[in-house]
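Reader: I'd like to learn how to read a structure feature by feature. Could you walk me through one, with the general idea and then the case at hand?

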Amino acid sequence: MDIKVGDVLRLKKEHPCGSREWQVLRIGADFRLKCTGCGHQIMIPRRQAEKNIREILPGSKE
């Protein structure tokens, strides 16, 4: 998968705040994701993140 820092991932399950979209903050063996709804940050293994992705929305070009 071609995922870059800054991209927004739309996942299968929604966060308790109701948002399904997560911004990628860090890539490696683990992903650090930030919920676009409430700002909560999580780290999850790459394998789990890639399994739960529905759509990759390109991030802003800063």
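Author: Gladly! Keep in mind that this is a predicted model. Let's begin with the cysteines: the disulfide count comes to zero.

Reader: Let's turn to charges. How many salt bridges are there?

Author: The idea here is again a distance, this time from a side-chain nitrogen of Lys or Arg to a carboxyl oxygen of Asp or Glu, within 4 Å. By that rule there are five salt bridges. One of them pairs Arg10 with Glu21, at 2.4 Å from N to O. Arg10 belongs to strand E1 (residues 8-11) and Glu21 to strand E2 (residues 21-26), so this contact ties together parts that are eleven residues apart in sequence.

Reader: Which other residue meets Arg10 in a salt bridge?

Author: Glu55 does, with an N to O distance of 2.6 Å. Glu55 sits in strand E5 (residues 53-57) and Arg10 in strand E1, so here the parts tied together are 45 residues apart in sequence. Through shared partners, Arg10, Glu21 and Glu55 are joined into one network.

Reader: How accessible are the members of that network?

Author: Arg10 is partly exposed, at 27% relative accessible area. Glu21 is partly exposed as well, at 24%, and Glu55 is partly exposed at 35%.

Reader: What about a salt bridge within a helix?

Author: Look at Glu50 and Arg46, whose side chains meet at 3.2 Å, N to O. Both lie in helix H1 (residues 46-51), and their spacing of four residues is about one turn of the helix. Glu50 is partly exposed, with a relative accessible area of 24%, and Arg46 is partly exposed too, with 30%.

Reader: Back to the strands, then. How do E1 and E2 run, and how many bridges join them?

Author: For strand pairing, the thing to read is the bridges between two strands, along with their direction. E1 and E2 run antiparallel and are joined by three bridges; Leu9, for instance, has Trp22 in E2 as its bridge partner. E1 and E5 are antiparallel as well, with four bridges between them, and Val8 finds its bridge partner in Leu57 of E5.

Reader: My last topic is pockets. What is the volume of the largest pocket, and which residues line it?

Author: The general idea is that rolling a probe the size of a water molecule over the atoms shows where empty space is left. In this model the largest pocket has a volume of about 190 Å³. Its lining is made up of Leu11, Lys13, Glu14, His15, Trp22, Ile42, Ile44, Gln48 and Asn52. By residue class, that lining divides into four nonpolar, three polar and two charged residues. Trp22 links two of our topics: it lines the largest pocket and is also the bridge partner of Leu9.

How values were computed
Residues numbered from 1 in each chain as written. Predicted model: local features only at pLDDT ≥ 70, side-chain atom pairs only at ≥ 80, totals over all residues. Heavy atoms only, no water. 1 Å grid on protein atoms, 1.4 Å probe; cavity = no way out; pocket = protein on both sides within 12 Å on 5 of 7 lines; lining within 4 Å. Points joined across faces, edges and corners; volume = space filled by probe spheres on them. Nonpolar A, V, L, I, M, F, W, Y, C, P; charged D, E, K, R; others polar. Disulfide = S-S within 2.5 Å. Buried < 20%, exposed > 50% of the residue type's maximum accessible area, 1.4 Å probe, protein only. Pairing = 2+ DSSP bridges.
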